[in-house]
Amino acid sequence: MYLLDMLSHPLWVFSTALLALVVRLQRRALWEPRSCAVRLAGKTAIVTGANTGIGKFIALDFARRGARVILACRSESRGTAALTEIKKITGNADVHLRLVDVSSMDSVKEFAKRILEEEKALHILVNNAAVSGLPRQMTKDGFDASFATNHLGPFLLTNLLLDLIKRSAPARIVTVSSVNHKKGKVDFSHFHGENLVYFMDEVYNHTKLHNIICTNELARRLEGTGVTANSVHPGVVMTEVLRHYPFWIRYPFNLIGFFFFKSSEEGAASPIYCAVAEELEGVTGKYFDSDCSLILPAPLARDAALAVKDFEVCERLTSKL
(Lines give C-alpha, C1' and ligand atoms only; values in the text may rest on other atoms or scores of the structure.)
Protein backbone atom coordinates (compact mmCIF):
# COMPACT_ATOMS: atom_id res chain seq x y z
CA MET A 1 0.00 0.00 0.00
CA TYR A 2 2.83 2.35 0.86
CA LEU A 3 4.36 1.73 -2.59
CA LEU A 4 1.08 2.60 -4.33
CA ASP A 5 0.79 5.81 -2.31
CA MET A 6 4.33 6.77 -3.26
CA LEU A 7 3.79 6.08 -6.96
CA SER A 8 0.62 8.16 -7.01
CA HIS A 9 2.20 11.12 -5.23
CA PRO A 10 2.27 14.30 -7.42
CA LEU A 11 6.01 14.71 -6.86
CA TRP A 12 6.66 11.19 -8.18
CA VAL A 13 4.47 11.81 -11.21
CA PHE A 14 6.19 15.14 -11.88
CA SER A 15 9.67 13.61 -11.52
CA THR A 16 8.80 10.76 -13.89
CA ALA A 17 7.43 13.17 -16.49
CA LEU A 18 10.53 15.36 -16.18
CA LEU A 19 12.84 12.35 -16.61
CA ALA A 20 10.89 11.23 -19.70
CA LEU A 21 11.26 14.72 -21.19
CA VAL A 22 15.01 14.79 -20.52
CA VAL A 23 15.44 11.36 -22.10
CA ARG A 24 13.51 12.41 -25.20
CA LEU A 25 15.63 15.55 -25.58
CA GLN A 26 18.86 13.61 -25.13
CA ARG A 27 18.09 11.28 -28.03
CA ARG A 28 18.19 14.07 -30.62
CA ALA A 29 21.04 13.93 -33.13
CA LEU A 30 23.88 16.44 -33.02
CA TRP A 31 23.12 17.37 -36.65
CA GLU A 32 19.66 18.64 -37.57
CA PRO A 33 18.49 18.35 -41.21
CA ARG A 34 16.45 21.54 -40.96
CA SER A 35 19.55 23.48 -39.93
CA CYS A 36 21.34 22.43 -43.13
CA ALA A 37 20.79 24.90 -45.98
CA VAL A 38 21.99 22.60 -48.78
CA ARG A 39 19.69 22.69 -51.81
CA LEU A 40 19.23 19.81 -54.23
CA ALA A 41 17.63 21.62 -57.14
CA GLY A 42 18.61 19.89 -60.37
CA LYS A 43 19.54 16.71 -58.49
CA THR A 44 17.83 13.33 -58.71
CA ALA A 45 17.53 11.01 -55.71
CA ILE A 46 16.16 7.49 -55.22
CA VAL A 47 15.09 6.23 -51.79
CA THR A 48 14.07 2.60 -51.35
CA GLY A 49 11.39 1.77 -48.81
CA ALA A 50 10.19 5.37 -49.01
CA ASN A 51 6.51 4.77 -48.28
CA THR A 52 6.93 4.65 -44.50
CA GLY A 53 9.29 5.14 -41.56
CA ILE A 54 12.80 6.46 -42.05
CA GLY A 55 12.62 6.20 -45.84
CA LYS A 56 9.61 8.47 -46.08
CA PHE A 57 11.28 11.19 -44.00
CA ILE A 58 14.48 10.93 -46.07
CA ALA A 59 12.44 11.39 -49.25
CA LEU A 60 10.51 14.24 -47.64
CA ASP A 61 13.75 16.03 -46.77
CA PHE A 62 15.11 15.65 -50.31
CA ALA A 63 11.84 16.99 -51.73
CA ARG A 64 12.03 20.00 -49.39
CA ARG A 65 15.47 20.71 -50.81
CA GLY A 66 14.09 20.80 -54.32
CA ALA A 67 15.34 17.45 -55.64
CA ARG A 68 13.63 15.22 -58.16
CA VAL A 69 12.75 12.35 -55.82
CA ILE A 70 11.86 8.80 -56.80
CA LEU A 71 10.11 6.75 -54.14
CA ALA A 72 11.10 3.12 -54.70
CA CYS A 73 8.35 1.16 -52.98
CA ARG A 74 6.86 -2.33 -53.02
CA SER A 75 3.28 -1.34 -52.21
CA GLU A 76 1.50 0.84 -54.77
CA SER A 77 -1.23 1.94 -52.36
CA ARG A 78 1.14 2.89 -49.55
CA GLY A 79 3.59 4.40 -51.99
CA THR A 80 0.86 6.56 -53.50
CA ALA A 81 -0.21 7.74 -50.04
CA ALA A 82 3.38 8.73 -49.22
CA LEU A 83 3.75 10.43 -52.60
CA THR A 84 0.62 12.51 -52.03
CA GLU A 85 1.71 13.46 -48.51
CA ILE A 86 5.23 14.50 -49.55
CA LYS A 87 3.96 16.61 -52.44
CA LYS A 88 1.43 18.32 -50.20
CA ILE A 89 3.91 19.11 -47.43
CA THR A 90 6.78 20.28 -49.65
CA GLY A 91 4.97 21.74 -52.64
CA ASN A 92 7.44 19.84 -54.82
CA ALA A 93 5.61 18.31 -57.79
CA ASP A 94 8.73 16.52 -59.02
CA VAL A 95 8.25 13.52 -56.74
CA HIS A 96 7.47 10.16 -58.34
CA LEU A 97 6.58 6.60 -57.38
CA ARG A 98 8.28 3.61 -58.98
CA LEU A 99 7.42 0.10 -57.82
CA VAL A 100 10.10 -2.39 -56.84
CA ASP A 101 10.31 -5.43 -54.59
CA VAL A 102 13.96 -5.55 -53.56
CA SER A 103 13.62 -9.18 -52.47
CA SER A 104 13.01 -10.14 -56.12
CA MET A 105 15.96 -9.89 -58.46
CA ASP A 106 13.61 -9.73 -61.47
CA SER A 107 11.77 -6.80 -59.92
CA VAL A 108 15.07 -5.04 -59.19
CA LYS A 109 16.18 -5.53 -62.80
CA GLU A 110 12.89 -4.22 -64.15
CA PHE A 111 13.05 -1.19 -61.86
CA ALA A 112 16.66 -0.42 -62.82
CA LYS A 113 15.82 -0.82 -66.52
CA ARG A 114 13.05 1.75 -66.23
CA ILE A 115 15.25 4.17 -64.30
CA LEU A 116 17.98 3.92 -66.94
CA GLU A 117 15.43 4.59 -69.67
CA GLU A 118 13.74 7.52 -67.94
CA GLU A 119 16.43 9.29 -65.93
CA LYS A 120 19.30 11.33 -67.30
CA ALA A 121 21.13 11.45 -63.97
CA LEU A 122 21.17 9.98 -60.47
CA HIS A 123 23.00 11.93 -57.78
CA ILE A 124 21.82 10.20 -54.60
CA LEU A 125 20.86 6.58 -53.97
CA VAL A 126 19.71 5.62 -50.49
CA ASN A 127 19.38 1.89 -49.87
CA ASN A 128 16.96 1.97 -46.96
CA ALA A 129 14.41 -0.84 -47.40
CA ALA A 130 14.85 -3.68 -44.91
CA VAL A 131 13.02 -6.33 -42.90
CA SER A 132 13.68 -7.97 -39.55
CA GLY A 133 12.30 -10.98 -37.76
CA LEU A 134 11.10 -12.83 -40.86
CA PRO A 135 10.62 -16.58 -40.39
CA ARG A 136 12.41 -18.86 -42.82
CA GLN A 137 11.33 -17.95 -46.35
CA MET A 138 13.05 -18.62 -49.63
CA THR A 139 12.63 -16.43 -52.70
CA LYS A 140 12.15 -17.85 -56.19
CA ASP A 141 15.79 -16.91 -56.84
CA GLY A 142 16.86 -19.38 -54.14
CA PHE A 143 17.83 -16.79 -51.53
CA ASP A 144 16.79 -16.36 -47.93
CA ALA A 145 14.12 -13.63 -48.00
CA SER A 146 15.84 -11.45 -45.39
CA PHE A 147 19.17 -11.60 -47.19
CA ALA A 148 17.47 -10.88 -50.52
CA THR A 149 15.61 -7.86 -49.13
CA ASN A 150 18.32 -6.38 -46.94
CA HIS A 151 21.43 -7.09 -48.96
CA LEU A 152 21.35 -8.88 -52.30
CA GLY A 153 18.51 -6.81 -53.78
CA PRO A 154 20.10 -3.47 -52.80
CA PHE A 155 23.50 -4.79 -53.92
CA LEU A 156 22.14 -5.65 -57.37
CA LEU A 157 20.21 -2.39 -57.64
CA THR A 158 23.28 -0.32 -56.83
CA ASN A 159 25.42 -2.13 -59.37
CA LEU A 160 22.81 -1.88 -62.13
CA LEU A 161 22.57 1.88 -61.60
CA LEU A 162 26.29 2.42 -61.06
CA ASP A 163 27.16 3.69 -64.55
CA LEU A 164 24.38 6.27 -64.37
CA ILE A 165 25.54 7.34 -60.92
CA LYS A 166 29.14 7.68 -62.11
CA ARG A 167 28.05 9.80 -65.07
CA SER A 168 26.24 12.05 -62.60
CA ALA A 169 29.24 12.62 -60.30
CA PRO A 170 29.63 14.08 -57.79
CA ALA A 171 27.16 11.58 -56.41
CA ARG A 172 26.55 9.65 -53.19
CA ILE A 173 25.42 6.16 -52.28
CA VAL A 174 24.12 5.73 -48.73
CA THR A 175 23.32 2.33 -47.25
CA VAL A 176 21.28 2.19 -44.07
CA SER A 177 22.88 -0.47 -41.89
CA SER A 178 22.66 -0.94 -38.11
CA VAL A 179 24.77 -1.09 -34.98
CA ASN A 180 23.46 -4.66 -34.84
CA HIS A 181 26.05 -5.55 -37.47
CA LYS A 182 28.42 -6.03 -34.54
CA LYS A 183 26.49 -9.17 -33.62
CA GLY A 184 26.52 -10.46 -37.19
CA LYS A 185 28.65 -13.18 -38.75
CA VAL A 186 29.82 -13.90 -42.29
CA ASP A 187 28.85 -17.30 -43.64
CA PHE A 188 28.18 -17.36 -47.38
CA SER A 189 25.82 -20.30 -46.99
CA HIS A 190 23.48 -17.86 -45.25
CA PHE A 191 22.53 -16.38 -48.61
CA HIS A 192 20.75 -19.64 -49.46
CA GLY A 193 19.10 -19.97 -46.06
CA GLU A 194 21.56 -22.48 -44.68
CA ASN A 195 23.02 -22.50 -41.14
CA LEU A 196 20.69 -19.71 -40.03
CA VAL A 197 18.92 -19.37 -36.69
CA TYR A 198 15.58 -17.65 -37.18
CA PHE A 199 15.21 -16.07 -33.76
CA MET A 200 14.58 -12.39 -33.05
CA ASP A 201 16.98 -10.27 -35.13
CA GLU A 202 19.79 -12.78 -35.68
CA VAL A 203 19.41 -12.98 -39.47
CA TYR A 204 18.97 -9.20 -39.65
CA ASN A 205 22.28 -8.74 -37.85
CA HIS A 206 24.12 -10.82 -40.46
CA THR A 207 22.60 -8.85 -43.34
CA LYS A 208 23.56 -5.53 -41.80
CA LEU A 209 27.17 -6.68 -41.48
CA HIS A 210 27.24 -7.59 -45.18
CA ASN A 211 25.85 -4.12 -45.95
CA ILE A 212 28.88 -2.41 -44.45
CA ILE A 213 31.42 -4.88 -45.83
CA CYS A 214 30.21 -4.52 -49.42
CA THR A 215 29.73 -0.75 -49.12
CA ASN A 216 33.37 -0.42 -48.09
CA GLU A 217 34.52 -2.52 -51.04
CA LEU A 218 32.28 -0.53 -53.39
CA ALA A 219 33.86 2.67 -52.09
CA ARG A 220 37.31 1.26 -52.86
CA ARG A 221 36.26 0.37 -56.40
CA LEU A 222 34.79 3.83 -56.93
CA GLU A 223 37.91 5.75 -55.92
CA GLY A 224 38.59 8.58 -58.37
CA THR A 225 35.09 8.54 -59.89
CA GLY A 226 33.58 11.30 -57.78
CA VAL A 227 31.05 8.86 -56.30
CA THR A 228 31.13 8.14 -52.58
CA ALA A 229 29.62 5.16 -50.72
CA ASN A 230 29.02 5.17 -46.99
CA SER A 231 26.95 3.18 -44.49
CA VAL A 232 25.07 4.50 -41.49
CA HIS A 233 23.31 3.43 -38.31
CA PRO A 234 20.06 5.43 -37.90
CA GLY A 235 19.62 4.60 -34.22
CA VAL A 236 17.04 2.49 -32.43
CA VAL A 237 13.96 3.78 -34.20
CA MET A 238 10.22 3.34 -33.78
CA THR A 239 9.46 2.04 -37.28
CA GLU A 240 7.47 -0.82 -38.79
CA VAL A 241 10.60 -2.97 -39.07
CA LEU A 242 9.27 -5.07 -36.15
CA ARG A 243 5.96 -5.85 -37.85
CA HIS A 244 7.00 -9.49 -38.25
CA TYR A 245 7.69 -9.92 -34.52
CA PRO A 246 5.07 -11.37 -32.15
CA PHE A 247 2.85 -9.00 -30.20
CA TRP A 248 4.55 -9.77 -26.88
CA ILE A 249 7.77 -8.30 -28.29
CA ARG A 250 6.28 -5.39 -30.21
CA TYR A 251 4.14 -4.08 -27.33
CA PRO A 252 6.91 -3.54 -24.74
CA PHE A 253 9.24 -2.28 -27.49
CA ASN A 254 6.73 0.41 -28.45
CA LEU A 255 5.95 1.23 -24.82
CA ILE A 256 9.58 1.65 -23.81
CA GLY A 257 10.48 3.15 -27.15
CA PHE A 258 8.18 6.11 -26.63
CA PHE A 259 10.64 7.41 -24.05
CA PHE A 260 13.97 6.03 -25.15
CA PHE A 261 13.93 5.37 -28.90
CA LYS A 262 13.96 7.71 -31.87
CA SER A 263 11.01 8.57 -34.03
CA SER A 264 11.25 7.82 -37.75
CA GLU A 265 11.91 11.50 -38.43
CA GLU A 266 14.76 11.55 -35.90
CA GLY A 267 16.15 8.30 -37.31
CA ALA A 268 16.27 9.82 -40.79
CA ALA A 269 18.79 12.46 -39.67
CA SER A 270 21.97 10.40 -40.02
CA PRO A 271 21.16 8.99 -43.51
CA ILE A 272 20.23 12.51 -44.67
CA TYR A 273 23.52 13.77 -43.24
CA CYS A 274 25.46 11.22 -45.29
CA ALA A 275 23.50 12.18 -48.40
CA VAL A 276 23.68 15.99 -48.30
CA ALA A 277 26.18 17.39 -45.75
CA GLU A 278 28.78 19.56 -47.45
CA GLU A 279 31.51 18.46 -45.04
CA LEU A 280 31.20 14.89 -46.34
CA GLU A 281 32.07 15.81 -49.91
CA GLY A 282 34.65 13.23 -50.99
CA VAL A 283 34.35 11.18 -47.78
CA THR A 284 33.85 7.53 -48.70
CA GLY A 285 34.03 4.00 -47.32
CA LYS A 286 33.05 5.16 -43.83
CA TYR A 287 30.49 4.21 -41.21
CA PHE A 288 28.45 6.81 -39.29
CA ASP A 289 26.44 6.37 -36.12
CA SER A 290 23.02 7.77 -35.23
CA ASP A 291 24.59 11.02 -33.99
CA CYS A 292 26.11 11.60 -37.43
CA SER A 293 29.55 10.87 -36.02
CA LEU A 294 32.24 8.97 -37.92
CA ILE A 295 33.06 5.78 -35.99
CA LEU A 296 34.74 2.44 -36.61
CA PRO A 297 32.46 -0.49 -37.43
CA ALA A 298 33.11 -4.03 -36.15
CA PRO A 299 36.48 -5.63 -37.03
CA LEU A 300 34.91 -7.96 -39.61
CA ALA A 301 33.51 -4.92 -41.42
CA ARG A 302 37.06 -3.55 -41.72
CA ASP A 303 38.61 -6.72 -43.17
CA ALA A 304 39.69 -5.69 -46.69
CA ALA A 305 40.31 -9.23 -47.92
CA LEU A 306 36.91 -10.37 -46.68
CA ALA A 307 35.33 -7.38 -48.40
CA VAL A 308 36.77 -8.37 -51.76
CA LYS A 309 35.53 -11.94 -51.35
CA ASP A 310 32.08 -10.88 -50.13
CA PHE A 311 31.63 -8.46 -53.03
CA GLU A 312 32.70 -11.09 -55.56
CA VAL A 313 30.34 -13.68 -54.09
CA CYS A 314 27.43 -11.24 -54.28
CA GLU A 315 28.36 -10.32 -57.85
CA ARG A 316 28.43 -13.96 -58.82
CA LEU A 317 25.11 -14.76 -57.16
CA THR A 318 23.24 -11.82 -58.68
CA SER A 319 24.83 -11.98 -62.15
CA LYS A 320 23.63 -15.57 -62.67
CA LEU A 321 19.98 -14.53 -62.49
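Two rings of Phe, Tyr or Trp (for Trp, the six-membered ring) make a pair when their centres lie within 6.5 Å; planes under 30 degrees apart count as stacked, over 60 as edge-to-face, and the rest as tilted. By that rule, five aromatic pairs turn up. The model is a predicted one, so to speak of local features takes pLDDT of at least 70 and side-chain atom pairs count only at pLDDT 80 or more, while totals for chains, interfaces and linings use all residues. Residues are numbered from 1 along each chain as its sequence is written, and side-chain values use heavy atoms, with hydrogens and water left out.

Take F147 and F191. Their ring centres sit 5.3 Å apart with the planes at 85°, so this pair is edge-to-face. Distant parts of the chain are linked here: F147 belongs to helix α6 (residues 145–160), whereas F191 is in the loop between β5 (171–176) and α8 (202–221), 44 residues apart. Helices (H or I, at least four residues) and strands (E, at least two) are DSSP runs, numbered from the N terminus. F147 is buried, at 0% relative accessible area, and F191 is buried too, at 0%; buried means under 20%, exposed over 50%, and partly exposed in between (1.4 Å probe, protein chains only).

Then there is Y273 with F288, another edge-to-face pair, at 6.0 Å centre to centre and 75° between the planes. Y273 comes from helix α11 (residues 269–276) and F288 from strand β7 (residues 287–288), so the pair ties together parts 15 residues apart in sequence. Y273 counts as buried at 8% relative accessibility, and F288 does at 2%. Along with W31, Y273 and F288 form one aromatic cluster.
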